[in-house]
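Please keep the model open while reading these notes, and follow each point on it in turn.

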Amino acid sequence: MVHFFYLAAQFLRRLMGLVKASITGVHGYTPDYILTNKELETMVDTSDEWISSRTGIKERHILKEKGKATSDMAVEAIKGLLQKTNTRPEDIDLTICGTVTPDTVFPDTANTINHKIGASNAWGFDVNAACSGFLFSLSTGARFIESGRYKKVLVVGADMMSSIVNYEDRSTCILFGDGAGAVLLEPSNTGFGLEDEILRGDGTGRDYLVMRAGGSLNPPTAETVADREHFVYQDGKPVFKAAVKGMTQTVQQVMERNNLTSEDVTWLVPHQANYRILTSVADALGFPMEKVMVNIHKYGNTTAATIPLCLWEWENQLKKGAKLILTAFGGGFTWGATYLTWAYDQ
Ligand code: COA
């Protein structure tokens with residue numbers, strides 16, 4: 001029944017000629033410094049063998065320059081994006097930044113980005129959805145385009161995880177890296193674009209993956225700092241299990257209601273948290289790994305940046321009309337899957 005109403009709504013949408021949002025460009029940025037598993041061996045009790053076999057990660061990029069923050073990586077990604085799409089910063093209407101590492105708690109990072117790129121006619125805001133930050137931001141941006149009032153929306157996923165990772169905690173410091181990826185959303189003129197999504201956030205996992213202090217529940221004190229509560233805390237096993245389940249289910253649901261099989265889908269683009277999560281999700285869905293974008297070995301988990309960094313890296317292989325399923329899972333828990341058709345050939 002739900003399926004019927006969904007198809008009817010889609011049909012009506014087409015009939016009424018409603019605007020569809022499409023990605024018209026993508027670009028990424030990772031800082032120069034590379035933190036290898038070998039270097040981590042000198043910092044905590046770990047080994048390249050353990051990290052590689054348990055996570056698939058070999059190295060991650062770290063922003064080391066003093067005075068630089070999340071917005072600076074976002075700006076680098078956006079500058080490349082504006083150049084390749086021939087877009088003037090003053091033509092941007094809105095910037096949405098998915099991040100859990102804003103430059104400051106407030107003002108938001110999107111604001112700072114607009115200032116730094118010269119987007120003088122834009123407004124913006126941050127979306128805090130942990131590793132689902134890009135997916136949730138993309139959905140939000142698409143609604144603005146679909147409204148007909150917004151023509152150019154920047155959606156960026158950017159995180160400087162090194163600023164909230166405890167480099168004495170071997171269970172988390174090996175996982176994360178820094179980076180940013182950005183896409184431009186515009187009204188589709190090809191018929192391709194964002195087709196459907198199933199997004200979720202239920203709060204059931206908030207104790208398993210969390211920064212315990214610094215918010216209104218536990219404001220910063222000398223004690224919270226001494227207790228290292230301003231770093232990422234993670235209980236990895238329940239997160240792992242919930243990630244596999246959440247991504248698999250939402251991808252399955254979105255494929256079902258769009259009558260897609262794994263053969264129909266050109267690329268599965270999953271959030272990069274752990275190679276074993278990626279293979280478990282792909283196996284459960286019947287996707288061969290050749291159809292799954294994987295770059296976790298080079299960047300680790302860059303939180304909101306992993307999906308746009310994948311799209312950036314694969315951009316020259318993406319053909320107009322290609323069917324992509326993006327899927328993510330993150331702290332909260334937050335998760336979901338987005339189905340889109342690629343709108344351009346590079
Ligand atoms: N090097 C060596 N040993 C390590 C280690 C490290 N870096 N980190 C943990 N260990 C040890 C543990 O202390 C434990 O030892 P013990 O058995 O003596 O107690 C053992 O390895 C197993 O630890 P465990 O936490 O059970 O490992 P795991 O197989 O669950 O893998 C993660 C840990 C973090 C890699 C995994 O749980 C994971 O990827 N979780 C999800 C992460 C994620 O997706 N996060 C982002 C949200 S999307």
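1. The ligand is surrounded by 21 residues, where a residue counts as near a molecule or strand if one of its heavy atoms lies within 4 Å of it. The closest of them are Thr-46, Arg-54, Gln-234, Lys-237 and Asn-274. Please bear in mind that this is a predicted model, in which local features need pLDDT of at least 70 and side-chain atom pairs count only at pLDDT 80 or more, while totals for chains, interfaces and linings use all residues. Residues are numbered from 1 along each chain as its sequence is written, and side-chain values use heavy atoms, with hydrogens and water left out.

2. Helix H3 (48–55), helix H7 (170–173), H9 and H10 are the elements that give two or more residues to the shell around the ligand, and the largest share, four residues, comes from H9. Helices (H or I, at least four residues) and strands (E, at least two) are DSSP runs, numbered from the N terminus.

3. In helix H10 (residues 275–285), the buried residues are Ile-277, Leu-278, Val-281, Ala-282 and Leu-285; buried means under 20% relative accessible area, exposed over 50%, and partly exposed in between, with a 1.4 Å probe and protein chains only. Because these buried residues fall within an arc of 125 degrees when seen down the axis of H10, they line one face of the helix, the arc being that of the directions from the helix axis to the C-beta atoms. Their cover includes helix H9 (236–257) and strand E11 (267–270), with contact meaning heavy atoms within 4.5 Å. Just after H10, Gly-286 has a positive phi of about 75 degrees.

4. Helix H5 (residues 109–117) has Thr-109, Ala-110, Ile-113, Asn-114 and Ile-117 as buried residues. Down the axis of H5 they fall within an arc of 145 degrees, so they line one face of the helix. Helix H4 (70–84) and strands E4 (94–98), E5 (123–127) and E6 (153–160) pack against the buried residues of H5. Gly-118, which follows H5, has a positive phi, near 80 degrees.

5. Not counting residues up to four places away in sequence, Asn-295 touches Gln-272, Leu-309, Cys-310, Glu-313 and Trp-314.

6. Leu-340, in strand E13 (residues 334–341), is buried, with a relative accessible area of 2%. Leaving aside neighbours within four places in sequence, the residues in contact with Leu-340 include Ile-23, Leu-138, Gly-193 and Leu-324. Gly-321 is 19 residues from Leu-340 along the chain, and the C-alpha atoms of the two are separated by 9.0 Å.
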